[in-house]
Structure formats: C-alpha cells, structure tokens
Amino acid sequence: MSNSILSVQPLTFPWQTSDPFLFCAFHKDNYPKGNGQMGPNANLSGRNLGSDFAGKDGWSMYHGQSVPGFPAHPHRGFETVTIAEKGLVDHSDSLGAAGRFGNGDVQWMTAGKGVQHSEMFPLLNETEENPLVLFQIWLNLPKVNKLVEPHFAMLWSEDIPVFTHTDAHGNMTKVNVINGKIEHYVSPSPAPDSWAANPENEVAIWTIVLSPDAEWQLPTASAGVNRSLYFYAGVDMEIDGSTVKRGNTIKLDATKATTVLNGKEEAKLLMLQGKPINEPVAQYGPFVMNSNAEIQQAMQEYQNTQFGGWPWPTHDHTHNKSKGRFALHADGKEEIK
C-alpha cells in the first residue's frame, strides 16, 4: 500500500490551510462559571482587555471587554464557516441577521461585497464551567463571486449527517459531514455562491471522532484536490503506518486511500478538502481580494458605508439570557430550535 502522507507539520495559531481555504482559527477555552451578565465570574485584572489572546487560566477574552468574543468587525471577499463543537456563540450582523448557536451547530456566512458581524461567547451557566471548542474556517471566494450579496445560514447539529463506521474489532469512527459527502451521507447545501456549492470542487469539511483503537480508511478524491487533517484532540495515531502525535497538520494525497488507526484514547480530527481556486490572493485583515488595488477599494468603501452600518445597540451585542438556539434572518424569518 502506498503512503498518502505528503507532510506533517506542527499546528500553529491560526492553523495553516491550503487553497481554497485561507486559514482556520481554533479556540479551546475553559471558561469559568458565568457572572449573571454572560461574562466570566472571575477577576479580569492582569488581562489585556480588548486584545486578550494569552490564554491566562485556560481562557481568553479575545476582543471582548465584559463578555468574551469578537465585537463588530467587517469582512469582504470570502466566507466564514464557524463550527461550535462545544459552548455557545451569539451572532449579530449588519444585515439585521442574528442567532445563538452551539454544541454541534455550524454557521455559514458569505461576506461577499461586505458585511459586519459580531461573535460573542455568552457564558450562560452560572453553576458550572462554560467550556468552548470552536473552529472558524475562512473559505475563499473566486473572483467572479467576490462581490456577491452577503448570505447567512445555519446548519443545525440535528441536520448534519453523521457517518459511522465500526471496524473489525468493534471500534467506532464517527464523521460529522458538515460539507461534502461520504457514501449516501450528503451534507446540507452550502451557501449558494460558495466555491463549495459546485460538487465538482469536492469541498469537504468533516469532523472525525475515533474511539480508542478505531481503524478507518478515508475515501479517495480526485487528482488536484488539496486535503489536510488537523489532529486536535487525543494522544497519538498511526496514519498509513506512521505514528503522528496530537497537535499536527497532516497533508495528504487525496487520490490515495488513507488508513487511520487510533491510539489508546479517543481522538478528534478536522478534515478540510477542496480543489484550489488558483487565483491571486491579496489579504489585509478581514478583506480578501485578488489585488492590492481591490483591497484599497474595499477599505475605502468600508470607511464610506460601514457595509450597511450597525443596527444593534452595542458592538458586542448579546442576546437575551433566556433565549435558546435560534436564527433570525435579514428578511425577518426566524428559526427556533
């Protein structure tokens, strides 16, 4: 059997990705009990509030002052796919859309020609800790779709297909098919203008959970498809016979079958896959275009229009403490879960 591993590299922050992805920010925060105002019941002195990424005591406030998270900021020219594996996210945006999601839910937002949004992490539990495990994946848009109308959608956890495989020894592998397909397990439709909307681009976003000693073979994909595994929880595993420790990115040849054999503890992987867009990338912070001139134009338009302004009372807007999971769309349609 030929080895499918192209490279193994230590995970950095943010995680490095391959075209058509731009990067993946991984957040793992062991937030304490809530203080009744959705912030941490803890002393915030000694933190660089407004830009706290140090992970003091196992958690960060990020750009939040009283509630952790990311107050209103702009995006243009790409998509965000936010996987809330554990914990809650309060979303608000300049379109008037909003939501509270988490514990397996996924939000898919096409920034297109420009949108502002905030992503706050409300700590609702006041009697126990509020752990957060979250991925935000930046998926590029091709030039033809850089300036499409923004789009906001929720992929609720109960709507995401779960593929399971039991190996010869009874050990289980579980795959959440957030985008793409495995056998007859097909993901919900991605955003309509996404690179992922065309099945020929073979975009796949999967989270994979392997029980101890579980063995599974990944299905193959076409030549030219970029595929990476991110080993973020567990201890070690064998990939095509090579031992790999947690905390590594494994780039694979997607045309070759890859056999994964887990070690003695449950392990978790994120897989990102897709055909490259193969266009120039010009990036300045939250703007991703094809040229520096387009970046300058984006910055000027944001200064002039604020991408529609901010309809919420504060830039770090959170929703009512009593609300459950919901999505309010710009057209007024509301989903309650």
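Biologist: What does the domain assignment of the protein give?

Modeller: The assignment, whose bounds come from an automatic or database source, gives domain 1 (1-11 + 160-279) and domain 2 (21-159 + 292-320). This is a predicted model, in which local features need pLDDT of at least 70 and side-chain atom pairs count only at pLDDT 80 or more, while totals for chains, interfaces and linings use all residues. Residues are numbered from 1 along each chain as its sequence is written, and side-chain values use heavy atoms, with hydrogens and water left out.

Biologist: How far apart do the C-alpha centres of the two domains lie, and how many residues does the contact take from each?

Modeller: The C-alpha centres of domain 1 and domain 2 are 26 Å apart. The contact, meaning heavy atoms within 4.5 Å, takes 25 residues from domain 1 and 26 residues from domain 2.

Biologist: And what area do they bury between them?

Modeller: Domain 1 and domain 2 bury about 1,900 Å² between them, with 73% of it on carbon and sulfur atoms; buried area here is the accessible area (1.4 Å probe) that two parts lose on being put together, summed over both. Of the area that domain 1 buries against domain 2, Ile160, Asp193 and Tyr232 supply 30%, more than any other three residues.

Biologist: Which salt bridges and polar contacts does the rule find across that interface?

Modeller: The rule finds one salt bridge across the interface of domain 1 and domain 2, where a salt bridge is a side-chain nitrogen of Lys or Arg within 4 Å of a carboxyl oxygen of Asp or Glu. The rule also finds seven residue pairs in polar contact across the interface, both residues of each pair being at pLDDT 80 or more. A polar contact is a pair of N or O atoms within 3.5 Å; within protein, one must be able to donate a hydrogen and the other to accept it, and residues adjacent in sequence count only if both atoms are side-chain atoms.

Biologist: Which elements give two or more residues to the domain 1 side?

Modeller: They are β13 (172-179), β16 (204-210) and β23 (267-274), and β23 gives the most, with five residues. Helices (H or I, at least four residues) and strands (E, at least two) are DSSP runs, numbered from the N terminus. By class, the side of domain 1 that touches domain 2 has 16 nonpolar, six polar and three charged residues, with Ala, Val, Leu, Ile, Met, Phe, Trp, Tyr, Cys and Pro counted as nonpolar, Asp, Glu, Lys and Arg as charged, and the others, Gly among them, as polar.

Biologist: What does Lys143 meet in a salt bridge?

Modeller: The side chain of Lys143 meets that of Glu294 at 2.9 Å, N to O. Lys143 is in the loop between β10 (130-140) and β11 (151-155) and Glu294 in helix α1, so the pair ties together parts 151 residues apart in sequence. Lys143 counts as partly exposed at 48% relative accessibility, and Glu294 as buried at 18%.

Key. Buried means under 20% relative accessible area, exposed over 50%, partly exposed in between (1.4 Å probe, protein chains only).
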